Amino acid sequence: MSKVVIALDPPPKAEIEKWVRERVDYLDELASSFKVGLPLVLRTGVHRLRDLFSVSSKPLIADLKLADIGDIMAYVVEALADAGVSAVISHAFVGRRGALDVLVRKSEELGIKPVLVVSMSHPGSTEFIDKHLSEFVNMALELRVWGVVAPATRREVISRVRELAGSELRIFSPGVGAQGAEPGSAICCGADYEIVGRAVTNSPNPREALERIIYEQERRVRECRS
Ligand code: BMP
């Protein structure tokens, strides 16, 4: 199976259900999983997710980047569990006590895997978030979350996260394609999966675009490991 997580972020004018169904249909065989966020969920509603992804054989990750008090994040996770979601992404910066500890407990209870954002792919991540990178990774380890998000656009961050986490955490790396990182480059620095959105989903031929990215990813990974 490929190491690509497909980010399904429909552009504002897309005919939403058709847009989602077509891409799930074309890409399901090749993607490792699908990731949905606010651009999709705000328009379809969480109640439509189960039906829209019913033809998919792959896990669905809800990337709502939760950043709230624990009890309220727990409500959101309950709604996501009803929708058949497998993993939920929240921000690390809200901290553990009264926030992530509650979220992680509720997620475990419902069989949803928690993932924390420890660094982001845009330049402003260095202004605040990245200053706490090692604390975020240590907290992720203490909370025994399933994975973390770290940027393909700053590979040194991925290497640092892998160094701090050892083999304990899955690393998901956004920034490949539309944001400029090359396929395979994050995996070569220790990521487990690369998140790719617009380079595939906005292509006139999404399946062909994903095949090309997987080909490039595998080629670069073979090179860096040889
Ligand atoms: P794209 O390949 O189209 O740039 O999409 C990247 C995806 O990863 C988007 O869904 C975005 O919300 C997400 N993402 C990101 O780009 N940077 C981050 O630091 C964290 C993200 O979740």
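Which residues are exposed on the other side of helix 7? Hold that thought while we get our bearings. This is a predicted model, where local features need pLDDT of at least 70 and side-chain atom pairs count only at pLDDT 80 or more, while totals for chains, interfaces and linings use all residues. Residues are numbered from 1 along each chain as its sequence is written, and side-chain values use heavy atoms, with hydrogens and water left out.

Let's start with the barrel. Eight strands form a closed barrel in the order 1-2-3-4-5-6-7-8, with parallel pairing. On average, neighbouring strands of this sheet are turned by 25° against each other, direction ignored. Helices (H or I, at least four residues) and strands (E, at least two) are DSSP runs, numbered from the N terminus, and two strands pair if DSSP finds at least two bridges between them. Take strand 7 (residues 170–174) and strand 8 (residues 193–196), which pair in the parallel sense over three bridges. There, P174 has I195 of strand 8 as its bridge partner.

Now for helix 1 (residues 16–27), which lies across strand 1 (4–8) and strand 2 (33–37) and runs at about 170° to strand 1. Such angles run from 0 to 180 degrees between N-to-C directions, with axes being lines fitted to C-alpha atoms, for helices over the stretch in contact. The buried residues of helix 1 are I16, W19, V20, R23, V24 and L27. They sit on the same side of helix 1, because they cover an arc of only 120° around the axis. The arc is that of the directions from the helix axis to the C-beta atoms. Buried means under 20% relative accessible area, exposed over 50%, and partly exposed in between (1.4 Å probe, protein chains only). Among the elements covering these buried residues are strand 1, strand 2 and helix 10 (206–225).

Back to helix 7 (residues 155–165), whose buried residues are V157, I158, V161, R162 and A165. Their arc around the axis is only 135°, so they lie on the same side of helix 7. On the other side, E156 and E163 are exposed, which settles the opening question. The buried residues pack against helix 6, strand 6 (147–149), strand 7 and helix 8 (185–188). After helix 7 comes G166, with a positive phi near 60°.

Another buried residue is V104, at a relative accessible area of 5%, in helix 5 (residues 96–110). Leaving aside neighbours within four places in sequence, V104 is in contact (heavy atoms within 4.5 Å) with P114, L143 and V145. V104 and V145 are 41 residues apart in sequence, yet 7.2 Å apart in space, C-alpha to C-alpha.

Finally, look at R144, in the loop between helix 6 and strand 6. R144 has a positive phi of about 55° although it is not a glycine, and it is exposed, with a relative accessible area of 68%.
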